[in-house]
Amino acid sequence: MLEQYLPILVFILIALGLGSVMLTAGTSLSLRKPSHQKDSPYECGFPEFESARIPFDVRFYLVAILFIIFDLETAFFIPWAVSLRSIGSAGFWSMMIFLGLLVVGFIYEWKKGALEWE
């Protein structure tokens, strides 16, 4: 059984070896001429007017998490739609319950004001 994993082991060893050869070649053969202009951060061609270390508002993270949640939920529609004929009415009604919970969660977030940006 172990001989079935030998090609995978060879592939991993080749990938690690090739990766380390490329990293070593890149660091040893590259030209290093640092300057102030090369080391300065690029921000639209003009000097920065605030520190890049300011914290984001928590609403940004909340909207991002809500987007990920509701966006990933729609990924369940494709396999459901493809297999709808074979899963029958039980699969249909389970998806309707899922959609109902999704809508209730969306309405809850809407009423709480999580989608408002003021």
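The chain exposes about 10,900 Å², of which carbon and sulfur atoms supply 72%; accessible areas come from the Shrake-Rupley method with a 1.4 Å probe, and for residues only the protein chains shown count as cover. The structure is a predicted model, in which local features need pLDDT of at least 70 and side-chain atom pairs count only at pLDDT 80 or more, while totals for chains, interfaces and linings use all residues. Residues are numbered from 1 along each chain as its sequence is written, and side-chain values use heavy atoms, with hydrogens and water left out.

Confidence comes next. The mean pLDDT of the chain (the predictor's confidence in each residue, from 0 to 100) is 85, and 92% of the residues reach 70 or more. Helix α1 (residues 6-29) has the highest confidence, at a mean of 95, whereas helix α2 (residues 36-39) has the lowest, at 75.

As for the fold, the chain contains five helices and zero strands; both are DSSP runs numbered from the N terminus, with helices (H or I) of at least four residues and strands (E) of at least two. The order of elements from the N terminus is accordingly α-α-α-α-α. With a radius of gyration of 26 Å, well over the 13 Å that the globule rule gives for 118 residues, the chain is more spread out than a compact globule. Here the radius is taken over C-alpha atoms, and the rule is 2.2 Å times the number of residues to the power 0.38. The C-alpha trace spans about 65 × 60 × 20 Å along its principal axes.

Burial and charge can be read against this outline. Buried residues account for 7% of the 118 residues, where buried means under 20% relative accessible area, exposed over 50%, and partly exposed in between (1.4 Å probe, protein chains only). The chain carries 8 positive and 11 negative side chains, and the centres of the two sets lie 5 Å apart. Lys and Arg count as positive and Asp and Glu as negative, while His and the chain ends are not counted; each charge is placed at NZ of Lys, CZ of Arg, CG of Asp or CD of Glu.

The structure holds six aromatic pairs, defined for rings of Phe, Tyr and Trp (its six-membered ring) whose centres lie within 6.5 Å; planes under 30 degrees apart count as stacked, over 60 as edge-to-face and the rest as tilted. One of the pairs joins Trp 80 and Phe 92, which are stacked at 6.4 Å centre to centre with 25 degrees between the planes. Because Trp 80 lies in helix α4 (residues 77-82) and Phe 92 in helix α5 (residues 84-112), this pair ties together parts that are 12 residues apart in sequence. Trp 80 is buried, at 17% relative accessible area, whereas Phe 92 is partly exposed, at 29%. Phe 70, Phe 106 and Trp 110 form one aromatic cluster.

Some C-alpha separations complete the picture. Tyr 61, in helix α3 (residues 58-73), is partly exposed at 42% relative accessible area; Tyr 61 and Phe 49 are 12 residues apart in sequence and 23 Å apart in space, C-alpha to C-alpha. Val 63 also belongs to helix α3 and is partly exposed, at 32%. Val 63 and Ser 51 are 12 residues apart in sequence, with 23 Å between their C-alpha atoms. Ile 54 sits in the loop between α2 and α3 and is partly exposed, at 47%; Ile 54 and Lys 38 are 16 residues apart in sequence and 23 Å apart, C-alpha to C-alpha.
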